[in-house]
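Reader: I am new to this structure and would like to know what stands behind the words used for it. Could you show it to me and take my questions in turn?

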Amino acid sequence: MRMSGLSLESMPALSIPLRFFLTAPWFGILASLLLLFDAEAIHSSRWSMEILAFTHLLTLGFMLMIMVGALFQFIPVITGFSIPGTLQISPIIHMTLIAGTLFLVGGFLLAEKLFFQFAIVFLLVAVGIFTIALTRLLLAKIVGKEAIYVLRLVNVSLFVTLGLGIYMATAYAFPEFGINMRLYTDVHLMWGLLGWTILLIMAVSSQVVPMFHVTPVFPANYLKGLSSAIIIILFYLSAIYLSQTEGLSKLWGELVFSLAILFFSVYTFNMVNKRKRKVKDITINFWRLALVMPVLAVMLYWLNGQIFMLAESKFQLLLGMLIIFGFTISSIMGMIQKIVAFISYIHLQRLSMLHPMGMGLLPNMQTLITVKSQEIQFYLHLTTIILLALAILYPALSFLAAMAMLFDFICLTYTLTRCALKYRNLAIQIKQA
Amino acid sequence: MPKEFILDVSELEAPEPFERIIAIVRELKSNQYLKVFHRKEPYPLYEVLIENGYCYRVIREQQADYCILIWLKSDHSTTEYCNTYSNL
């Protein structure tokens with residue numbers, strides 16, 4: 001079935017998603033170096049310029065970069081249609097996202113408003129092009145694909161998050177406008193960390209988990225129902241926060257939202273455990289680790305002041321760490337190792353079909369990213385999460401936490417780059433066979 | 001009637017379904033087709049099949065969420081048979 005204006009193509013060239021996947025860990029390395037050299041400023045307050053720089057290196061540089069690459073790869077696989085103009089727009093989005101993130105972070109660290117002005121332009125281009133291209137596909141009537149329904153809501157939450165982010169960057173870029181940025185910060189955080197990330201992980205996991213781990217398919221009612229509920233609650237809470245309403249309205253909204261997050265975590269954890277083939281798979285551990293984090297975050301949120309007695313700044317930093325590093329980055333690290341090995345392998349298979357003499361050179365997918373390297377990555381990552389949490393409580397541990405985080409991202413960079421180089425060498429050999 | 005080969009990949013994790021299908025498809029001859037039972041629609045496979053001179057049809061059968069018939073494009077009698085089969 002052909003959709004008007006949409007291209008039937010389910011396998012984009014490997015370079016398209018790979019450029020995003022190979023760039024992203026470098027932003028994690030930069031974030032680690034920032035923590036290494038300026039931990040005190042990062043831990044001082046959630047409003048410090050250093051924590052904002054650190055956070056955006058991870059959220060824009062690592063998380064958004066990987067997710068954009070994943071969507072370029074993913075959407076064609078689940079729908080059979082590529083994102084319109086993929087070949088032309090992907091390098092533009094890649095470069096402007098790099099530039100926009102670096103300028104934004106530079107703006108935070110150097111308090112230079114010109115940097116913010118450049119950041120706004122580059123990020124508007126990157127996100128604008130991507131959301132417009134994606135919207136065109138997502139508005140098409142692609143029936144029976146519940147993941148597409150969730151991706152539509154992801155697109156909405158990305159638009160709101162980045163729209164608010166750019167509006168707040170304007171406060172830094174043009175302070176003469178007198179924008180009251182702090183009013184929007186919590187809403188931006190909520191849409192970004194709880195809306196966009198959870199919805200995106202929900203959409204992607206609903207495909208990746210059954211595909212790679214042979215679990216039951218996620219039911220349509222679950223995907224549509226929970227994602228719709230999350231979006232409605234987000235709009236409700238946005239109105240509450242922007243009107244600075246306190247009392248029961250706010251309490252109920254936050255309670256229902258917490259229950260939605262808990263439901264997502266428990267449900268997905270349960271699905272992951274229903275995998276049919278009980279072959280040892282380290283990437284499953286990343287999922288289990290990731291899905292525990294929202295539960296811990298919800299417990300911390302509601303029990304701080306009752307059971308836990310953390311100072312406000314530590315409480316907020318720990319909450320942010322659990323969601324960003326504990327949940328989102330753990331999910332991404334597990335998925336990306338599977339995805340990069342898989343797409344490299346599929347492209348080599350495809351090549352060997354066109355060059356049959358090279359068929360004998362086709363490797364086992366496990367050799368592209370080995371189980372051993374996945375194990376090392378997992379234990380490095382787990383250690384990093386523990387040390388980051390402890391460092392928030394005991395800042396003397398910041399150096400160790402930063403070093404662990406640095407090794408975590410260096411390891412990922414090395415693993416993904418090595419896979420890409422193996423692919424390149426094998427591709428050459430297969431073509432020459 | 002063409003010879004039917006059956007392959008159930010519905011409980012295999014990626015990329016095993018792709019690997020196993022390709023391994024059999026490479027050996028298909030005229031008057032033969034492969035019937036694959038799968039739990040999801042393998043869009044990337046379709047492109048590879050078309051690029052390499054194969055045809056496919058997706059049909060509904062009780063045994064699995066997706067049932068895919070694959071045969072050689074140049075095999076006209078199997079084409080006719082599979083088209084008829086998929087219209088039933």
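Reader: Where does A:V214 lie?

Author: In this predicted model, A:V214 sits in the loop between helix 6 and helix 7 (220-242) of chain A.

Reader: What makes A:V214 buried or exposed?

Author: A count of its neighbours settles that. A:V214 has 20 other C-beta atoms within 10 Å, and a residue is called buried at 20 or more. A:V214 is therefore buried.

Reader: What is the phi of A:V214?

Author: A:V214 has a positive phi of about 50°, although it is not a glycine. Most residues other than glycine have a negative phi.

Reader: And what makes B:N31 buried, exposed or partly exposed?

Author: For B:N31 the count is 14 other C-beta atoms within 10 Å. Buried needs 20 or more and exposed needs 12 or fewer, so a residue in between is partly exposed. That is the class of B:N31, whose place is in the loop between helix 1 and strand 2 of chain B. B:N31 too has a positive phi, about 65°, and is not a glycine.

Reader: How do you know whether the peptide bond from B:A14 to B:P15 is cis or trans?

Author: Its omega is near 5°, and the bond is cis. Most peptide bonds are trans. B:P15 belongs to the loop between strand 1 and helix 1 (16-25) of chain B.

Reader: Why is helix 2 of chain A described as largely enclosed?

Author: Of its 31 residues, 30 are buried, so the rest of the structure largely encloses helix 2 of chain A.

Reader: How does the span of helix 2 of chain A compare with what is expected at 1.5 Å a residue?

Author: From its first C-alpha to its last, helix 2 of chain A reaches 41 Å, close to the expected 45 Å. This helix also bends by about 30° at A:L64. Just after helix 2 of chain A comes A:G80, with a positive phi of about 85°.

Reader: What makes strand 2 and strand 4 of chain B a pair?

Author: Pairing asks for at least two bridges. Strand 2 (residues 32-38) and strand 4 (residues 64-72) of chain B are joined by five, and they run antiparallel; therefore they count as a pair. Across from B:K35 stands B:L69 in strand 4 of chain B, while B:L34 has B:I70 as its bridge partner there.

Reader: How many bridges link strand 3 and strand 4 of chain B?

Author: Seven, in the antiparallel sense. The two strands form a hairpin with two residues between them. Among the facing residues are B:E61, opposite B:A64, and B:C55, whose bridge partner is B:W71.

Reader: Which strands of chain B stand at the edges of the sheet, and why are they called that?

Author: The open sheet has four strands in the order 1-2-4-3, with mixed pairing. Strand 1 (3-8) and strand 3 (54-61) of chain B each have a single partner strand, so one side of each lacks a neighbour in the sheet. On average, neighbouring strands are turned by 25° against each other, direction ignored.

Reader: Which helix packs on the sheet?

Author: Helix 3 (residues 76-87) of chain B does, touching strand 2, strand 3 and strand 4 of chain B. Its direction makes about 160° with that of strand 4 of chain B.

Key. Residues numbered from 1 in each chain as written. Chains lettered and ligands numbered in written order. Predicted model: local features only at pLDDT ≥ 70, side-chain atom pairs only at ≥ 80, totals over all residues. Axes fitted to C-alpha atoms, helices over the stretch in contact; angles between N-to-C directions. Contact = placed C-beta atoms within 7 Å. Expected span 1.5 Å × (residues − 1). Bend = angle between axes of the 7 residues up to and from the residue.
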